[in-house]
Amino acid sequence: MTADAEIRDLVNAAHMAPSSHNTQPWVFEVEGRRVRLLADRTRALPANDPDDRELTISCGAALLNLRAAAAAQGHGAQVALLPDADDPDLLAEVEIGPGTPETALAPLAPAIAARRTWRKPFDGTPVPADRVAQLQRAAQEEGAWLAPLEDPQLRESAAELVSEGDAAQWADPRWRRELAAWMHPRRDGEGLSLPWLAVPVAQLVVRSFDMGGGVAAHDAKLAEGSPLLAVLGTGADGTADWLRAGQALERVLLAGAADGVQASYLNQPVQVAHLRPKLQALAAQPGQPQILLRMGFPEDEVPAAPRRPLDAVLQG
């Protein structure tokens, strides 16, 4: 059975979610009005994400987009997380149509296309307190928490953790090789986009040289200079929690993008295991940190990250 145009539109919205290294680690199986979200572990990052935690968070973000797009079309979306204990790749099953639409999500759907990952410095405009509170509520709606690091000492400490994480990752040849392998020309529709002529040189440099010192200094400056630096976390740290974290992350990102606020990630203190408890202490929240976000107003427009063709991730 071929997915109808309406379901294809919903899956296309899900496919626009962010993912680590833009790996797009998801597959959608469609049967009638039922959409199954599966992890595509062929696109995993074993050096950067050995437990597939971020892979699962990325799939959670795709699930939130699917729910928001369904709500905007006036449809309910009945979601079952981890519906088959014998199939760990089946992360969620969504029945489109029954039930009441999630009206609070519908206004966020237009922001799916507007969301960007902004890796450069922001323009310096503070994120107003009422918007920060709105972002915190967005995370709470999905069973997560968002803890802004407002005190200068907390921000400085977080920046130091980012630097330490950069140094540890860049010192690992496996991590560098993995990063280089996901550097692609934009036309490939995946990965970290570079001009096609620059890709071979960039890959060689990244594979061959430990640039942790320079990257650490750059990222620390980004952290300390971000209008909003915040930790997103969950009460526990299992697969279902990672899916909740991904949905909370995307709800936060869409709520921000709807108001012109964009984000990027400084996840080194979560990815490097011995730094994670230190980040949790800075957040001063129960549970586990999942994402370190920097947010603010971008200085100009950037294109959306490339995507593989929809039929590459859609089955049925």
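This is a predicted model: local features need pLDDT of at least 70, side-chain atom pairs count only at pLDDT 80 or more; totals for chains, interfaces and linings use all residues.
The residues in question are Ser 20, Thr 23, Pro 25, Arg 43, Leu 45, Asp 49, Glu 54, Leu 55 and Ser 58.

Residues are numbered from 1 along each chain as its sequence is written, and side-chain values use heavy atoms, with hydrogens and water left out.

**Pockets**

Cavities and pockets are both found on a 1 Å grid over the protein atoms alone: a cavity is a set of points where a 1.4 Å probe fits but cannot get out, a pocket is an open set with protein on both sides within 12 Å along at least five of seven lines, and lining residues have an atom within 4 Å of a point. Grid points are joined across faces, edges and corners, and a volume is the space filled by probe spheres set on the points.

The largest pocket holds about 1,600 Å³ of space. Its lining runs to 49 residues, and those nearest its centre are His 21, Thr 117, Arg 119, Leu 192 and Tyr 265. By class, that lining has 24 nonpolar, 15 polar and ten charged residues.

The second largest pocket comes in at about 270 Å³. It is lined by 18 residues, with Asn 48, Pro 50, Val 270, Gln 271 and Val 272 closest to its centre. Helices H2 (53-72), H5 (152-170) and H10 (268-271) each put at least two residues into this lining. Sorted by class, the lining has eight nonpolar, three polar and seven charged residues.

**Helix packing**

Helices (H or I, at least four residues) and strands (E, at least two) are DSSP runs, numbered from the N terminus. Axes are lines fitted to C-alpha atoms, for helices over the stretch in contact, and angles run from 0 to 180 degrees between N-to-C directions.

| Helix pair | Axis distance | Angle |
|---|---|---|
| H1 and H2 | 7 Å | about 140° |
| H4 and H9 | within 8 Å | roughly 150° |
| H5 and H8 | within 8 Å | roughly 155° |

Angles under 35 degrees count as roughly parallel, over 145 as roughly antiparallel, 65 to 115 as roughly perpendicular and the rest as oblique. H5 is therefore roughly antiparallel to H8, and H5 passes H8 in a right-handed crossing. A crossing is right-handed if the near helix is turned clockwise from the far one by less than a right angle, and left-handed if anticlockwise. Contact means heavy atoms within 4.5 Å. On the H5 side the contact includes Arg 155, Glu 156 and Trp 170, and on the H8 side it includes Asp 219 and Glu 224. Overall, this contact has seven nonpolar, three polar and five charged residues.

H1 and H2 are oblique to each other, and their crossing is right-handed. Leu 10, Val 11, Ala 13 and Ala 14 in H1 meet Ala 62, Asn 65, Leu 66, Ala 69 and Ala 70 in H2. That gives eight nonpolar, one polar and no charged residues.

The crossing of H4 and H9 is right-handed too. H4 brings Leu 135, Ala 138, Ala 139 and Glu 141, while H9 brings Ala 248, Arg 251, Val 252, Ala 255 and Gly 256.

Definitions and conventions: Ala, Val, Leu, Ile, Met, Phe, Trp, Tyr, Cys and Pro count as nonpolar, Asp, Glu, Lys and Arg as charged, and the others, Gly among them, as polar.
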